[in-house]
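Please open the model in a viewer and keep a selection panel at hand. The stops below say what to select and what is found there.

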Amino acid sequence: MDEIKHKLNAALGQAVRGRVTRREFTQLALASGVSLAAANSMFTKAWADEPKKGGNFKVGVGHGATTDSMDPGLYPDQFTGTALWGTLANSLTEIDADGNVVGDVAESFEASDGAKKWVFKVRNGITFHNGKTVTADDVIASLQHHLGENSKSAAKSLLKEVASMKADGPNTVVFELTGGNADFPYTVSDYHMPIMPKKDDGSVDWESGIRTGAYKLEKFEPGVQASFTKNENYYKPGKGWFDTVQFLSIKDVAARTNALLSGEIQYMDRCDLKTLDQLKSNPDITVSEITGYGHYIYVMNVTQKPFDDVNVRTAIKYSMPREDILATVFLGHGTVGNDNPIAPTVKFAVDPQPKHTYDPAKAKEYLKKAGLDSLSFDLSVADAAFAGAVDSAILWKEKAKAAGIDINVIKEPDDGYWDNVWLKKPFVASYWSGRPTVDWMMTTAYAADAAWNDTFWKNPRFNELLVAARSETDEAKRAAMYAEMQQILHDDGGLVNMLFNSYVEAHAKNLGHGKVAANWQLDGMRVAERWWFTS
Amino acid sequence: MHPVLKTVLQRLGLGLLTLFVVSVLIFASLEMLPGGFAQAILGQGATPETVAAFNHQLGLDRPATVRYFEWIWNVLHGDFGYSYAGAGGSIKQSVSGIIAPRLYNTFFLAIMTAIIAVPLALFLGIMAALYRNSLYDRAVNAVTLTTIATPEFFIAYLLMFFFAIKLKWFPSLSTVSDSTSIGEHMYRAALPAITLTLVIVAHMMRMTRAALINLLASPYMEMARLKGVSQRDAIVQHALPNAWAPIATVVAFNLAYLVVGVVVVEVVFVYPGIGQLMVDSVSSRNMPVVQACALIFAATYILLNLSADIVSIITNPRLLHPK
């Protein structure tokens, strides 16, 4: 019996992490001679205790600046994203914990005409915090905020394929796109695009903080804190358990950790990896680690010498000691990359072969193919790209020597890195927080005409597939196209994807939650809506 | 005209000139920094189109000189302008509205620290001069020199560890808002105030001690001793009045530091003071806020130095009658 008990407990642990479903667990339990009712109750208990209402939830976030604004087009990071979108507001759709797109303010959505026309039905009878009913006009005004000539929204380029938006009755919005896009519902789940009330003059009211979310805005002090109270009329069942929620901007990681240890906050993001073991040993704290879509990369401009030769690019890819970097610089918190920017958890992701691992012999071979004995180039890095960019580059430099590659690591200033180095210097450190679909990621950074094509890579076959796959509604065909695209990028692109980083976060033991989403930090930025206190 | 009044007026006039020079320097340096507000806010998401729309809306597409003179004209009329953040909406954030609560917090912390640190430092310094080279003197020197030599964030972590996590006497976060009562504010600001006290006490204490010891060798001190005045009275009544000038200077210097230089402590304790605002504004090139902060900082230095000089003049009648 003891052995069975042990195995069931292990299965329960898996279940909580979402790796075993309720059905699988029940079957296992029944096979071990446990009754169905007992198995069910075991499962439910493990899946954290039943959600309870109440409590004041305080979160310490390692972001936030005094220049933050209520304008969703300008939300720069986790602080505004989690507080002013995930807690306060809803988009048309949302990404659930499994990475699928589901309706949010929109009850349903449907494509026609080769995914060129999208019809979104706004959920019936849902209201803003001021009691006003949400209509199709509000949705259109909210998205229109990011469009037009004078828009300064970061989401402008996401919506550039929208040719027109029309209301068809109070609850229906019809989008006409310039080309087919089967992933359009994912696009409108973005945290820059909450649904806001329309003003009389036709523009949208972003200043007041009146939205549709599980909590109402009490006070927002940029760079300091944002506090919220429960929205009693929230339309989503089983969401929004806390009485009040407060997000504090605590940029110093030691201060954040101390605040968690002294009980002033119950949740912190971005733990200090160096002291993580001490934190884990605290009996009142749980540390969680999720491999998300975000990745740390080095990108080379493939139009410049010597990177214009694919053999040189491949040699460079084989010269990077990814495993060593992951183990020493990131203390194992991540997953090594394989020069494919699509995270393994994203739909249609593949793992292209051969795997690019550290192999100085192969690197030399490719150098020879390029007609070179040795190679020397500059690599511009700064920790502004990602924490650890400089250390990783230095480790790379040392290991690459074995392949006859001499990397001259240039440490650039953090300040102004994105203006002066990224997209300007031939080989730089960068990062992407990832996108929930293959199309979105590729369109953002690898399409020939992308504004952020930081490798300046223009592969005709790749771009042809990108457009074709976008409007392809047959899943199998689409999967095949995406697999080919990922392979091409892996073989030919200017991207060295070092690793997918993990979100390492910690919270008080008395918080309960379901399966944690991987699309953003802080449970898809919706921690306040999805979590609860167990005691 | 009374010589003190004359000095004050002269110095205030020079102060205004200094402020003007500071504003030019700050504006010019911000202009020289790479990137602009739009790029800083949009980061990786900046496209040429959105940056252009942003700059046009903020008027940043006009020449720098035009913008500077427009700004200074408004400042002369008491209008510090609007923060670039939140621009474009119907609710504009005025610079004074953003700065006022944070400036209050900064002054609150500075005054609280000064009330603890200045008397403490003077007391320790006078005692150290009195019992020169004693065990007490060595101990107090060793302790204060250790605290000043330790980085302030490390002192902050130590205090946090002992008083917030182990003993749970004080909160580890000093978050305050405009609805915080004065008592609560003092309680929340206790750990930052103690941290800053430890940082500044050594400087003032050592200066007090040195100034007094310097004077102990003067003939009038010997005369006092020969008259039979006790060592204590000799120091407090004869030496101290002559030592006020250097002490006042170093106290003013440290008080100015409390207003303009405590950003590290603010960050560690999450105390919403003006230092953090200035740093954020510089990194996002939010010119109106940077300018206003810089003027406040410069004015603080000018006023505190002026008060130190006035103290020197008043305590030393010789300076009242310059040749």
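**First stop: two cis prolines in chain A**

Select A:P354, which is found in the loop between strand 13 (334-336) and helix 11 (360-369) of chain A. Helices (H or I, at least four residues) and strands (E, at least two) are DSSP runs, numbered from the N terminus. The peptide bond that leads from A:Q353 to A:P354 is cis, with omega near -10°. This is a predicted model, in which local features need pLDDT of at least 70 and side-chain atom pairs count only at pLDDT 80 or more, while totals for chains, interfaces and linings use all residues. Residues are numbered from 1 along each chain as its sequence is written, and chains are lettered from A and ligands numbered from 1 in the order in which they are written.

Next, select A:K305 and A:P306, which are joined by a cis peptide bond with omega of about -5°. A:P306 has its place in the loop between strand 12 (285-300) and helix 9 (310-318) of chain A.

Most residues other than glycine have a negative phi, and most peptide bonds are trans. Select A:L331, a residue other than glycine whose phi is positive, near 50°. A:L331 is found in the loop between helix 10 (322-328) and strand 13 of chain A. Is A:L331 buried or partly exposed? A:L331 counts as partly exposed because it has 14 C-beta neighbours inside 10 Å. The scale is as follows: a residue is buried if 20 or more other C-beta atoms lie within 10 Å of its own, exposed if 12 or fewer, and partly exposed in between, with C-beta atoms placed from the backbone.

Move to B:K168, which is not a glycine and has a positive phi of about 55°. B:K168 lies in the loop between helix 7 and helix 8 (182-188) of chain B. With 11 other C-beta atoms within 10 Å, B:K168 is exposed.

**A hairpin in chain A**

Select residues 215-221 and 225-230 of chain A, strand 8 and strand 9, which run antiparallel and are joined by six bridges. Two strands pair if DSSP finds at least two bridges between them. A:K216 has A:T229 in strand 9 of chain A as its bridge partner. The two strands form a hairpin with three residues between them, and A:G223 in the turn has a positive phi of about 80°.

**Chain B and its domains**

Of its 323 residues, 37% count as buried.

Colour domain 1 (3-96) and domain 2 (97-315) of chain B separately; these bounds come from an automatic or database domain assignment. The C-alpha centres of the two domains lie 31 Å apart. Their contact takes 29 residues from domain 1 of chain B and 23 residues from domain 2 of chain B. Two residues are in contact if their C-beta atoms, placed from the backbone, lie within 7 Å. On the side of domain 1 that touches domain 2, helix 1 of chain B provides the largest share, 12 residues.

Now select residues 103-308 of chain B, where UniProt, in an unreviewed entry, places the feature "domain: ABC transmembrane type-1". The span is 83% helix and 0% strand, and its end C-alpha atoms lie 22 Å apart.

**Where the chains meet**

Show both chains again: the contact takes 42 residues from chain B and 40 residues from chain A. On the side of chain B that touches chain A, at least two residues each come from several helices, including helix 3 (48-58) and helix 12 (263-269). Helix 13 of chain B gives the largest share of that side, five residues.

**Last stop: the nonpolar cores**

A nonpolar core is a set of buried Ala, Val, Leu, Ile, Met, Phe, Trp, Tyr and Cys residues joined through C-beta atoms within 7 Å. The largest one has 135 residues, and those with the most contacts inside it include A:V139, B:M204 and B:F269. This core draws at least three residues from each of domain 1 and domain 2 of chain B. Centre on A:V139, which, leaving aside its neighbours within four places in sequence, is in contact with A:L92, A:V105, A:V122, A:V173 and A:I195. Another core, of 72 residues, lies apart from it; select A:L379, A:Y417, A:F427 and A:L499 among them.

Note on methods:
UniProt positions are given in the numbering used here, feature names are shortened, and annotations may be inferred rather than shown by experiment.
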